[in-house]
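Here is a quick tour of one protein model, starting with its charged pairs and then moving on to its pockets and surface. Have the structure open as you read.

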Amino acid sequence: TPRCIGTSGAFFDMYSRKHVEEVFNTQIFDIYAATESGLIAFECRNGAYHVCSDLVYLEYMKNGSDVSFGEPGSLVVTKLYGRGTPLIRYTSIDDVVTPLNNDCTCGLAGGLIQRIHGRKSDSVLLPDGKMAFVSLFENILGESLSEIKVDKIKRIQIVQHKIDSIELKILVDKHLRDVGHPVDKMFSIIKNKLRNRLGPDIKIGIKEVNRFDAKDPYIISKVDRSKFVEKMYLV
Ligand SMILES: [Zn+2]
């Protein structure tokens with residue numbers, strides 16, 4: 001068994017993460033980096049992301065204004081080292097993250113990121129300009145599973161067919177299928193929570209699937225975003 005595993009390179013959803021931790025029976029430490037900027041932040045044993053403030057200067061913005069601590073914003077990166085192309089207020093990393101103004105109990109100093117919510121290009125855009133990120137769907141599923149007290153879900157995928165129509169595909173853990181609440185009840189709990197967050201005008205479908213391919217994306221959106229203004233980040 002490895003002592004720990006370091007991951008980097010792409011947004012790591014909690015289902016894939018849990019699966020890898022179970023298979024290798026160890027803890028994952030995520031490293032937040034991008035090809036253009038290099039290291040941005042790394043996860044400590046408490047699961048907080050510590051910003052590499054000696055390597056990058058970070059800003060968190062929405063529609064051109066800084067967001068407050070605890071509020072999600074688009075990541076803007078300025079790289080503080082290197083002799084190649086300068087990277088100044090770079091936005092193309094395309095991630096939305098929430099900055100935090102606390103001290104971490106692990107003892108490391110410096111800025112913190114509470115959570116990386118996902119890429120804007122992998123989000124769901126709603127008719128009123130709200131964008132729903134991977135973290136929103138994970139939070140809703142997490143709340144639903146803790147309500148029914150059985151972790152029956154192995155993996156999910158969100159497909160947005162139209163601006164007001166979302167389908168959630170769910171792979172149920174076959175060993176836990178008949179434990180606790182029936183699957184139908186779980187689906188209706190998830191659907192209600194989604195409706196509360198996304199609004200009553202969004203059609204929400206839930207479909208059980210038998211398998212996913214390893215490379216299936218977490219979110220597929222078929223909506224054209226060219227005329228769209230970002231109004232709110234739902235995380
Ligand atoms: Zn820490």
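Let's begin with Lys-193 and Glu-147, which form a salt bridge with their closest N and O atoms 3.0 Å apart. Lys-193 sits in helix α3 (residues 183-198) and Glu-147 in helix α2 (residues 134-148), so this pair ties together parts that are 46 residues apart in sequence. Lys-193 is buried, with a relative accessible area of 18%, whereas Glu-147 counts as partly exposed at 42%. Keep in mind that this is a predicted model.

Another one joins the side chains of Arg-89 and Glu-59, at 2.7 Å from N to O. This pair also links distant parts of the chain, 30 residues apart: Arg-89 is in the loop between β7 (73-79) and β8 (95-100), and Glu-59 is in strand β5 (residues 56-62). Glu-59 is buried, at 13% relative accessible area, while Arg-89 is partly exposed at 45%.

Then there is Asp-213, whose side chain meets that of Arg-211 in a salt bridge (3.0 Å, N to O). Here Asp-213 is partly exposed at 39% relative accessibility, and Arg-211 counts as exposed at 58%. Elsewhere, salt bridges with shared partners join Arg-17, Glu-21 and Glu-43 into one network.

Now for the pockets. Which residues lie nearest the centre of the largest pocket? They are Ala-10, Phe-11, Phe-12, Asp-30 and Ile-116, out of 26 lining residues. Strand β2 gives the largest share of that lining, 5 residues, and α1 (14-24), β2 (27-34) and β9 (112-119) each supply at least two. In the second largest pocket, Phe-11 turns up again among the residues nearest the centre, along with Asp-13, Asp-216, Pro-217 and Tyr-218.

| Pocket | Volume | Lining make-up |
|---|---|---|
| Largest pocket | about 500 Å³ | 11 nonpolar, 6 polar, 9 charged residues |
| Second largest pocket | about 380 Å³ | 8 nonpolar, 2 polar, 5 charged residues |

Back to strand β9, where Leu-112 has its place. Leu-112 is buried, at 4% relative accessibility. Its C-alpha is 8.9 Å from that of Thr-98, a residue 14 positions away in sequence.

Finally, the surface. Ile-31, Leu-39, Phe-42 and Leu-108 make a nonpolar patch of about 290 Å². Of these, Phe-42 belongs to strand β3 (residues 38-43) and counts as partly exposed, with 31% relative accessibility.

Technical notes: Residues numbered from 1 in each chain as written. Predicted model: local features only at pLDDT ≥ 70, side-chain atom pairs only at ≥ 80, totals over all residues. Heavy atoms only, no water. Patch = residues over 30% accessible without salt bridge, like charges linked within 9 Å, V, L, I, M, F, W, Y side chains within 5 Å. Areas by Shrake-Rupley, 256 points an atom, 1.4 Å probe, with all protein chains shown as cover. Salt bridge = Lys/Arg side-chain N within 4 Å of Asp/Glu carboxyl O. Helix = DSSP H or I, 4+ residues; strand = E, 2+ residues; numbered from the N terminus. Buried < 20%, exposed > 50% of the residue type's maximum accessible area, 1.4 Å probe, protein only. 1 Å grid on protein atoms, 1.4 Å probe; cavity = no way out; pocket = protein on both sides within 12 Å on 5 of 7 lines; lining within 4 Å. Points joined across faces, edges and corners; volume = space filled by probe spheres on them. Nonpolar A, V, L, I, M, F, W, Y, C, P; charged D, E, K, R; others polar.
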